[in-house]
Amino acid sequence: MTAQGVDDAVREKEPVTERRLHPVTPLRRAWAPVAVLIGWAVHDPDQAQRQLTRLTTTTLLIALAVLVPAAALYGFLTWWFTHFAVTDTELRIRTGLLFRRAAHIRLERIQAVDVTQPLLARVAGVAKLKLDVIGTDKKDELAFLDADEARSLRAELLARAAGFAPETAHEVGEAPAQELLRTPPGVLALSLVLTGATWGTVGAALVVPPLIWLATHSVWTVLAVGLPLLGAAGASSVGRFVAEYDWTVAESPDGLRIDRGLLDRVHETVPPGRVQTVRIVEPLLWRRRGWVRVELDVAGSSNSLLLPVAPREIAESVIARVLPGATVPPSLSRPPRRAGRCLPLWWRGYGLAVTDTVFASRHGLLRRRLALVPHAKVQSVRLAQGPWKRLWRLADVHLDTGANKTVTARLRDADEAAELLRGQADRSRTGRRDALPDRWMAQP
């Protein structure tokens, strides 16, 4: 056995020190029994109303005297039985009061570590740590940790994932960041006002409930329809403003960092090399001001927004940091005019451009969406042609990416589509060969 192998074996045998979450965590877990009662009341409101009318003051006080200690005990026990530890090779999380769960997360498979601070957590000085792991859809999380401990643990995990030795990972600290963009609140608010979806949901929330009342004269039916509409209207306007407030993008060796949120502060990381597709969204009322929204498809991650609103020139400069060497094509070719036989009028919104680095496809007339796929991220290419399209010698070309998403160039000339199908395989193979490593803090 080599000296390195002996050292690894010795480290594996060393005892692992497990840690608990912050002592305020039981307050978060204690809401679970209360949430069960609220869920029952919402599921059967008529029965809940009848039961509440039967309760006397004495019965209500007895119920509270039982429920509050039970909720507190549940929160304490779930906190007591939750531990985590960082070893040389993995992050271990043990949870569960009745049903135990043990998660062993390999450090080299961690691709993003986000720090989230809800409003009450900011007041208490604690934070939540969320981990994006390759091959899993659901994020593992540690909630809650002391805010300084959360940032320190995040830096350590990123250093371990980047390949730093365990004994030096603590010394690396958080990598420095250079701010690239900060979205002014006024610009964000105006962009939401100029978004058609916002007015559509608000209009539905104002018009539909009165119509339901005139048709049914049922309060519960109006509430069942109106509350979701009000929630959608709030999420598309006030909710988005609160979530995207003070949106800041900074560049660091561990990827692009995103800080955002008015009430709940969120610190996210766009991991380098894991972005599969970049989408530039341009609503109709934004075009006069030259604004765009930039969305992402990231393999194994739920982080899907890079810029909520920004001038196009600045957005393209940020995209160049996400996709090194890639540029947004200045112009795209439309499908042939006979495509109007398959899709009247709307065919004019489609466009295509293929450069040395990206496959660019656009669709939409009122709300344009331009998708940029690096050749190295294309997993497969497919050509689809129905009977009507065969009649007019048209075809669609579908590109599948590593994020389980598909980008399509629609209504292309059949000969052009066949050439795209043949050529994309060579471009993807060359792109993967020349691609940079998908590692944090990777050195050239």
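Which residue in β2 stands opposite Phe-84? That would be Ile-93. The model here is predicted, with local features needing pLDDT of at least 70 and side-chain atom pairs counting only at pLDDT 80 or more, while totals for chains, interfaces and linings use all residues. Residues are numbered from 1 along each chain as its sequence is written, and side-chain values use heavy atoms, with hydrogens and water left out.

**The sheet and its helix**

- Three strands make an open sheet in the order β1-β2-β3, with antiparallel pairing; strands here are DSSP runs of E with at least two residues, helices are runs of H or I with at least four, and both are numbered from the N terminus.
- β1 and β3 (101–106) are the edge strands, each with a single partner, so one side of each has no neighbour in the sheet.
- On average, neighbouring strands of this sheet are turned by 10° against each other, direction ignored.
- β1 pairs with β2 (residues 90–95) in the antiparallel sense over four bridges; to count as paired, two strands need at least two DSSP bridges between them.
- Helix α7 (residues 147–161) packs on the sheet and touches β1 and β2, its direction making about 45° with that of β1. Contact means heavy atoms within 4.5 Å, and angles run from 0 to 180 degrees between N-to-C directions, with axes fitted as lines to C-alpha atoms, for helices over the stretch in contact.

- Thr-82 lies in the loop between α5 (57–80) and β1 (83–86).
- Thr-82 counts as buried because its relative accessibility is 4%; buried is under 20%, exposed is over 50% and partly exposed is in between, using a 1.4 Å probe and protein chains only.
- The Thr-82 side chain reaches the backbone oxygen of Thr-78 at 2.6 Å.

- Rings of Phe, Tyr and Trp (its six-membered ring) pair if their centres lie within 6.5 Å, with planes under 30 degrees apart called stacked, over 60 edge-to-face and the rest tilted. That rule gives six aromatic pairs.
- One of these, Phe-76 with Trp-80, is stacked at 5.9 Å centre to centre, with 25° between the planes.
- Phe-76 and Trp-80 are about one helical turn apart because they sit four residues from each other in helix α5.
- Phe-76 is partly exposed at 38% relative accessibility, and Trp-80 is partly exposed too, at 37%.
- Phe-76, Trp-79 and Trp-80 form one aromatic cluster.
- Arg-20 lies over the face of Trp-80, 3.7 Å from the ring centre, and its charged end also sits over the ring of Trp-79, 5.8 Å from the centre. The rule wants NZ of Lys or CZ of Arg within 6 Å of the ring centre and within 35 degrees of the ring normal.

Terms used. A polar contact is a pair of N or O atoms within 3.5 Å; within protein, one must be able to donate a hydrogen and the other to accept it, and residues adjacent in sequence count only if both atoms are side-chain atoms.
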